[in-house]
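Dear colleague,

Please find below the structure that I am handing over to you. My findings follow it, and I would be grateful if you read them with the structure open.

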Amino acid sequence: MTLGSKIAWDDTVLPFQLDASDMRGRVARLDGVLDGILKQHDYPPVVEALVAEMALLTALIGQTISLRWKLSLQVQSKGAVRMIATDYYAPQKEGEIGRIRAYASFDRDRLSDGSPYDQVGEGYFAILIDQGNGTQPYQGITPLSGSSLSACAEAYFAQSEQLPTVFKLSFGKSAEPGVAEHWRAGGVMLQSMPKASPFAAKEEGSGDVLQASDLVNGDEEENWNRATTLLNTVEELELIGPSVTPTQLLIRLFHEEQPRVYDTQPVRFGCTCSEDRVRQSLSIYSAKDIEKMTTGDGRVTADCQFCGAHYDLDPATVGFDAENPPSD
């Protein structure tokens, strides 16, 4: 494996479909994206792992919908990790690259020695889709469940979208010889497209959170069980290691399912914050409100939670009472 070929499929998402089982999916590999996200913050390892998993889910899910602007994933919980938020910005033009950003909010004193998911308590998992100006944003929410964030995403698709979906993910710090230690992640998403389950359409029964297996029957069930059984044979190094390309992985796992691949979609770390956006967010405040936000040094400051950018503004130039707005 040469350096050039490794770079070719790091930080990419490969769409595919399985013709023999009528399923679609994505293979994602993240490297520099995670470095861009995590180097902005001094997260403890358990928080880094949660952010890495959430970023990987965002890359996989963002590529499955016809998105014109932004997909957001959020976890809100009562645990030590209070929030994890990610955004995927779709390419606006052909040839452009999708961008991902993420951050977490947590109580350091409440973190335990347990697994990363143990740091998340009771709460919810949400997916938000914003197609831009002139459209109504969509939001779907499901309770946090299972033993991982990927299990929460599977439950979301089963409960809110009636789409049988399964994820197989791996993420951790890479320690290759001669390369600085850094986070890597890889994963596969499989999704079937059956009709909605009657259990999801009626408000009756136990009220339990649906799972993907609740939504398939007949031939769909046979296809689902066969494809997910094959997916469960994947090894962590096949998902995250430097030796197996996404196309090789699909052949290893699904050669009898007739995998068909499409164009690889690159993704990068990217933030949309700017001084103009900060000024716009402050434009709803009066001069009296701005005065309350002004520091002892006579400045209005703001920090981006996603990328760490720091903005230092003259209070006279912000708010709807601004005397000296900046010239264009």
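A residue is called buried when its relative accessible area is under 20%, exposed when that area is over 50%, and partly exposed in between. By this rule, Arg184 and Asp10 are both buried. Please note that the model is predicted.

The side chains of Arg184 and Asp10 form a salt bridge, with 3.2 Å from N to O. Arg184 belongs to strand β9 (residues 182-192), while Asp10 sits in the loop between α1 (3-9) and β1 (12-18), so this pair ties together parts that are 174 residues apart in sequence.

In total, 11 salt bridges were found in the whole structure. Another one joins Arg252 and Glu238, whose closest N and O atoms are 2.9 Å apart. This pair links helix α8 (residues 246-254), which holds Arg252, to helix α7 (residues 236-240), which holds Glu238. Glu238 counts as buried because its relative accessibility is 11%.

A further salt bridge, between Glu275 and Arg279, has its closest N and O atoms 3.1 Å apart. Both residues lie in helix α9 (residues 275-282), four residues apart, which is about one turn of the helix. Glu275 is partly exposed at 37% relative accessibility, whereas Arg279 is buried at 16%. Elsewhere, salt bridges with shared partners connect Asp10, Asp31 and Arg184 in one network.

Finally, the largest nonpolar core has 59 residues, and those touching the most other members include Leu30, Val47 and Phe125. Helix α3 (residues 45-62) contributes the most to this core, with 13 residues. A second, separate core of 18 residues includes Leu14 and Phe254.

Yours sincerely

Notes
Residues are numbered from 1 along each chain as its sequence is written. This is a predicted model: local features need pLDDT of at least 70, side-chain atom pairs count only at pLDDT 80 or more; totals for chains, interfaces and linings use all residues. Side-chain values use heavy atoms; hydrogens and water are left out. A nonpolar core is a set of buried Ala, Val, Leu, Ile, Met, Phe, Trp, Tyr and Cys residues joined through side-chain atoms within 4.5 Å. Buried means under 20% relative accessible area, exposed over 50%, partly exposed in between (1.4 Å probe, protein chains only). Helices (H or I, at least four residues) and strands (E, at least two) are DSSP runs, numbered from the N terminus. A salt bridge is a side-chain nitrogen of Lys or Arg within 4 Å of a carboxyl oxygen of Asp or Glu.
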